Amino acid sequence: MLKRKIYEELKTWRKTKKNECLLVKGARQIGKTFIIDLFGKTEYESYIKINFIENPELISLFDGDLSAFEIRKRLSLTFQNISFINGNTLLFLDEIQMCPNARTALKFLAMDDSIDVIASGSMLGIHYKNITSVPVGYEKQITMYGISFEEFLWANGYNEDKIKDLYSYYEEKEKISEIIHKNMLKLLREYMVVGGMPAVVQAYITNYNFGEVQTLQENILASYMDDILKYASTYEKPKIRNCYLSIPRQLAKENTKFQFSIVEKKATARKFENSMEWLRDAGLIYWCNAVSIPSFPLKAYEKEGFFRAYMADIGLLISLYGFDMKKAIIDNSLTGAAKGGIYENLVEIMLINNGWKPNYYLSQDGSKEIEFLISKEGSILPIEVKASRGSTNSLNYFLKDEKINYGIKLSAGNIGFEDKKLSLPLYMAMFI
């Protein structure tokens with residue numbers, strides 16, 4: 001069984017909530033149903049689960065009167081052996097996007113507060129289904145992501161104590177022994193080709209078969225294409241698909257700025273910008289805007305029309321390059337521009353999994369670029385990414401700015417600190 005960080009978030013919500021339901025959002029197939037199901041069965045005396053895709057006939061439970069009393073009464077008529085234990089009952093409304101009235105009912109269930117309610121759904125459905133009334137003030141939303149690198153280490157037998165030992169090197173800015181360093185880089189490359197889809201990770205740690213990994217990833221990509229057909233308008237469907245499938249080519253360029261002409265020759269933003277917004281709303285891609293100067297607030301210095309797009313799962317990105325790319329990553333034999341773009345995508349995912357929103361990169365004069373800028377306590381933290389051990393001319397240049405306290409270089413090298421520059425191995429992005 002794969003251990004997930006979000007389980008502790010669910011426990012915290014239960015302890016601290018008051019008149020509040022929980023909505024867990026996220027892209028498809030990242031493990032929302034599994035972890036909430038486990039939470040309900042483990043932490044509550046009474047657990048009731050409704051999946052509106054598996055049991056569409058249960059949508060009618062939320063027709064008409066949406067008071068908590070009426071909903072409990074209908075549930076008791078539908079499920080003979082359920083019980084409502086005050087403070088110890090969880091109602092799980094899975095795939096809630098298929099039942100807009102259930103989303104509206106969260107307000108009344110929260111106001112009653114006699115039973116706990118967690119809802120989950122894909123970001124696609126939640127954004128694109130009509131809802132009569134959103135339960136503002138009675139619904140806490142959290143976004144769930146794929147398996148992080150730290151969770152991948154757990155799955156591979158690294159317990160929390162071992163990760164704490166690794167964190168101590170990061171905290172003390174001490175160099176790591178070369179044996180540990182090389183092993184962690186190896187594990188990071190494995191994570192890159194496997195990615196964060198729970199079904200893929202589980203298959204990998206069971207059989208360690210990269211061919212099986214590729215097949216499962218191709219199946220997930222096919223299901224994403226089906227979702228586009230299901231949710232997108234007829235006019236947008238081919239454009240959304242083409243934008244998504246262009247990302248490996250976008251990241252294989254020397255300049256990883258997203259270019260609509262890569263999607264379609266002579267294409268403009270006007271034709272495809274709605275398609276890109278759709279993919280972002282669906283949680284299938286992440287978006288990183290360019291800014292002209294590294295100053296707070298970053299939003300004030302956005303460069304209109306300049307952005308990078310990254311895939312939300314690094315394993316799916318690698319699979320789109322083909323099976324041979326897996327071997328090149330694992331063997332660390334990959335060269336060329338694609339390598340830089342792939343590692344940028346990896347770091348974006350790792351920062352997001354650690355709670356950051358790396359929504360900006362710095363592009364200045366066409367020659368000075370920093371991959372990620374993070375707003376931290378009113379100042380700016382620049383992060384430069386090197387797939388190997390290259391120099392950081394751009395970071396060195398911007399660290400001369402007295403308003404920037406320090407910057408981070410992520411590379412295949414070891415830990416080091418010089419002037420205002422902290423050098424970290426790529427795998428330590430999980431600690432930033």
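Predicted model: local features only at pLDDT ≥ 70, side-chain atom pairs only at ≥ 80, totals over all residues.
Start at helix 2, residues 32-43. Its twelve residues, at 1.5 Å a residue, should span 16 Å.

Which residues of helix 2 are buried? They are K32, I35, I36, D37, F39 and G40. An α-helix has 3.6 residues a turn, so residues three or four places apart point the same way.

Now turn to charge. Side chains of opposite charge can pair when their charged atoms come close. How many salt bridges does a search of the whole structure find? The search finds 23.

One of them pairs R72 with D112, with the closest N and O atoms 2.9 Å apart. This pair links distant parts of the chain: R72 lies in helix 3 (residues 68-78), D112 in helix 4 (residues 100-112), and 40 residues separate them. D112 has 32% relative accessibility, so D112 counts as partly exposed.

E302 and K299 form another salt bridge, with the closest N and O atoms 3.4 Å apart. E302 is partly exposed, because its relative accessible area is 32%. K299 is exposed, because its relative accessible area is 60%.

D401 and K403 also meet through their side chains, at 3.4 Å from N to O. K403 counts as exposed, because its relative accessibility is 53%. Elsewhere, salt bridges with shared partners join R14, K17, D113 and D116 into one network.

Key. Residues numbered from 1 in each chain as written. Heavy atoms only, no water. Helix = DSSP H or I, 4+ residues; strand = E, 2+ residues; numbered from the N terminus. Expected span 1.5 Å × (residues − 1). Buried < 20%, exposed > 50% of the residue type's maximum accessible area, 1.4 Å probe, protein only. Salt bridge = Lys/Arg side-chain N within 4 Å of Asp/Glu carboxyl O.
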